[in-house]
Amino acid sequence: MTDDSQRPGEPTPPPAAPQYQAPQGQQPAQPYQAAPQYNAAPQYNAAPPAGQGQVVPGKTLGIVSLVLGLVGFFIIAFVAPIAGIITGVIAGRQSKAAGVKNTPAKAGLIISIVALVLQIIGTIILVVVLGGVIAQCADLGPGVYEVDGTTYTCG
């Protein structure tokens, strides 16, 4: 099969691909559309978006210090206030290095110190009172005694 425009000895070009046509009464298919573009994830240490607060280094540790100081007053004597002092100092140093204020760290440090001092004073008073009772009972012996308006039960 030769074409009039074809020179002798030239290969025959392949036939053209048929063009797609939508069936009668249907709309042709929509061309491919790219997926919508989304914002990239924020970079580490990037500034927060407008309208959001500044990230304060050590703020979480400051809150932990505050909670430990309060817990030290009521539940876990000596251990919680000491942990509150340590976390408060660490949080304060982190915030100071970043040049920002950390109010929870400062409050946690103060409350933890006050709780620890009050617990030490309370322990001293308890030891003195119990020491006096033990000494009095050692002198009196077993039994119930009333000395200067105070009743002692010694066993």
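Biologist: Is Cys137 buried or exposed?

Modeller: Keep in mind that this is a predicted model. Cys137 has a relative accessibility of 16%, and the cut-off for buried is under 20%. So Cys137 counts as buried.

Biologist: And what about Cys154, buried or exposed?

Modeller: Use the cut-off again: under 20% is buried. Cys154 comes in at 8% relative accessibility, so the label for this cysteine is buried.

Biologist: How many residues apart in sequence are the parts that Cys137 and Cys154 tie together?

Modeller: The structure holds 1 disulfide, and Cys137 and Cys154 form it with their sulfur atoms 1.9 Å apart. Cys137 sits in helix α3, while Cys154 belongs to strand β2 (residues 150-154), so the parts they tie together are separated in sequence by 17 residues.

Biologist: Which hand does the link of Cys137 and Cys154 have?

Modeller: Look at the angle about the S-S bond, which is -80 degrees. With that value the link is left-handed.

Biologist: How do α1 and α3 run, roughly parallel or roughly antiparallel?

Modeller: The axes of α1 (residues 59-74) and α3 (residues 103-140) come within 7 Å and cross at roughly 25 degrees. Angles under 35 degrees count as roughly parallel. That makes the pair, α1 and α3, roughly parallel.

Biologist: How many charged residues are in the contact of α1 with α3?

Modeller: The crossing of these two helices is left-handed. On the α1 side the contact includes Ile63, Leu66 and Phe73, and on the α3 side Ile111, Val114 and Leu118 are among the residues. The contact divides into 13 nonpolar and 7 polar residues, and the number charged is none.

Technical notes
Residues are numbered from 1 along each chain as its sequence is written. This is a predicted model: local features need pLDDT of at least 70, side-chain atom pairs count only at pLDDT 80 or more; totals for chains, interfaces and linings use all residues. Side-chain values use heavy atoms; hydrogens and water are left out. Axes are lines fitted to C-alpha atoms, for helices over the stretch in contact, and angles run from 0 to 180 degrees between N-to-C directions. Helices (H or I, at least four residues) and strands (E, at least two) are DSSP runs, numbered from the N terminus. Angles under 35 degrees count as roughly parallel, over 145 as roughly antiparallel, 65 to 115 as roughly perpendicular and the rest as oblique. A crossing is left-handed if the near helix is turned anticlockwise from the far one by less than a right angle, and right-handed if clockwise. Contact means heavy atoms within 4.5 Å. Ala, Val, Leu, Ile, Met, Phe, Trp, Tyr, Cys and Pro count as nonpolar, Asp, Glu, Lys and Arg as charged, and the others, Gly among them, as polar. A disulfide is a pair of cysteine sulfur atoms within 2.5 Å. Buried means under 20% relative accessible area, exposed over 50%, partly exposed in between (1.4 Å probe, protein chains only).
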